[in-house]
Amino acid sequence: MADKKAILTIDGNSVELPILSGTMGHDVIDVRSLGKFGHFTFDPGFLATGSCESAITFIDGEKGVLLHRGYPIAELATKADYLEVCYLLLHGKAPTSEEYKEFVGIINKHTMVHEGIEFFFRGYRRDAHPMAMLCGIVGALSSFYHRDLDITDAEQRVRCATRLVAKLPTIAAMCYKYSIGQKFVCPKNELSYSENFLNMMFSVPAEDYEIHPAVAKAMDRIFTLHADHEQNASTSTVRLAGSSGANPYACIAAGIASLWGPAHGGANEACLNMLEEIGSVDRIDEYVAKAKDKSDPFRLMGFGHRVYKNFDPRAKVMRETCHEVLEALGIDDPLLQVAMRLEQIALEDEYFISKKLYPNVDFYSGIILKAIGIPTNMFTVIFALSRTIGWISHWHEMLSQPGAKIGRPRQLYTGELPREFSPIAKD
């Protein structure tokens, strides 16, 4: 941290505010003392506000940089598997061979869910959105594991974290199986994390499910590329819920609820819905023209990113994986043809290039998930599954820091002045 100061003049009085420096990124002005001077800062959407101190993830949107514990995301996605990244995010360092083996063993030990969880599903309609089920079931886990809810105990926090990472694929697959009326499939510990999820999703008692290596690899990369993304809406939600002392299962359920929004986790689902609206390759020019027309409300989903003003670093890896899956599976799907043509236009058309509207990670992940056979209403569930490790790592980090306070944002009040209430006649 630096000892630089910012001088703010308020009503003729000078106020010194410390300027704090991290290891990378923008300096931040510490405004915590402003309240005693009768002022607060105003920043709707937190566009220029640092809400916490964290050592987990760093993003530089201008340069297209995403680091987890200092490691570039492209290297992690191509040189490590998802559980290695989970260990890295949670424990702050890459695992050794022995640590990795032990961590995988712990995860495998907790993949099963309590039999009572099955009864929770019976309370949902079969056509309920899987995210509704996921949010409720994850929140209910605290009723099964109430002996590990002392959030001041670091060991208990880590046990909760590994339990959540282990059980989310099982619960996510159960959401899908319930929605289509099939029997739940138990996890198999001899399979990898991604293979296990695919098996629980698609296998049936009547026949074995053959897991294509390219599909398992793609699934693992999707998990890795969505594992964490710094202080986004859902991560901030988890931190805010956790600051009140809420149990970790409630906090993750809060994150799932935040992720459900179409402006956040629903982006790849919205992308597939857009492809379905376009329908065929011969209508692409019409929709591209609509996207370029400022007076037309239509927007191409899956292009550009609020954070990245350059190419999304996750999209580079996902693009390569997307083409590998399509080639390996040899799928002839009109919507995938539409997607590939849109990708070509976005990478070559001067309009898209000048505005840096490159295909983002949601564009490619949506195509991959559709090619695998996962329905669009499960896309956000898979995002939540992937992001759970990021959420719980931030929760664990926050509670590990001394002097953590409950989140309490301020407001700019624009309501009525004090006034007298007149009772109505009730005769």
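## Helix pair H6 and H10

A crossing of two helices is called right-handed if the near helix is turned clockwise from the far one by less than a right angle, and left-handed if anticlockwise. In this predicted model, helix H6 passes helix H10 in a right-handed crossing. H6 covers residues 154–180 and H10 covers residues 248–259. Their axes lie 10 Å apart and the helices pack at an angle of about 45°. Angles under 35 degrees count as roughly parallel and those of 65 to 115 as roughly perpendicular; H6 and H10 are therefore oblique to each other.

On the H6 side, the contact is made by Cys160, Arg163 and Leu164. These meet Pro248, Tyr249 and Ile252 of H10. By class, the residues of this contact are five nonpolar, one charged and no polar.

## The sheet S4-S5-S6

Three strands form an open sheet in the order S4-S5-S6, with antiparallel pairing. S4 and S6 are the edge strands; each has a single partner strand, so one side of each is left without a neighbour in the sheet. In a regular strand, side chains alternate between the two faces of the sheet.

Strand S4 spans residues 57–60 and strand S5 spans residues 65–68. The two run antiparallel and are joined by four bridges. One of the facing pairs is Asp60 with Val65, the latter in S5.

S4 and S5 make a hairpin, with four residues between the strands. Gly64 lies in this turn and has a positive phi of about 70°.

Across it, His68 stands opposite Tyr71, and Leu67 stands opposite Pro72; Tyr71 and Pro72 belong to S6.

This second hairpin has two residues between its strands. Arg69 is in the turn, with a positive phi of about 50°.

## The whole chain

The secondary structure of the protein chain comes to 17 helices and six strands. The radius of gyration is 24 Å, close to the 22 Å that the globule rule gives for 427 residues, so the chain is as compact as a globular protein of that length. Taken along the principal axes, the C-alpha atoms fill a box of roughly 75 × 70 × 60 Å.

Note on methods:
Residues numbered from 1 in each chain as written. Predicted model: local features only at pLDDT ≥ 70, side-chain atom pairs only at ≥ 80, totals over all residues. Heavy atoms only, no water. Pairing = 2+ DSSP bridges. Axes fitted to C-alpha atoms, helices over the stretch in contact; angles between N-to-C directions. Parallel < 35°, antiparallel > 145°, perpendicular 65-115°, else oblique. Contact = heavy atoms within 4.5 Å. Nonpolar A, V, L, I, M, F, W, Y, C, P; charged D, E, K, R; others polar. Rg over C-alpha atoms; globule rule 2.2 N^0.38 Å.
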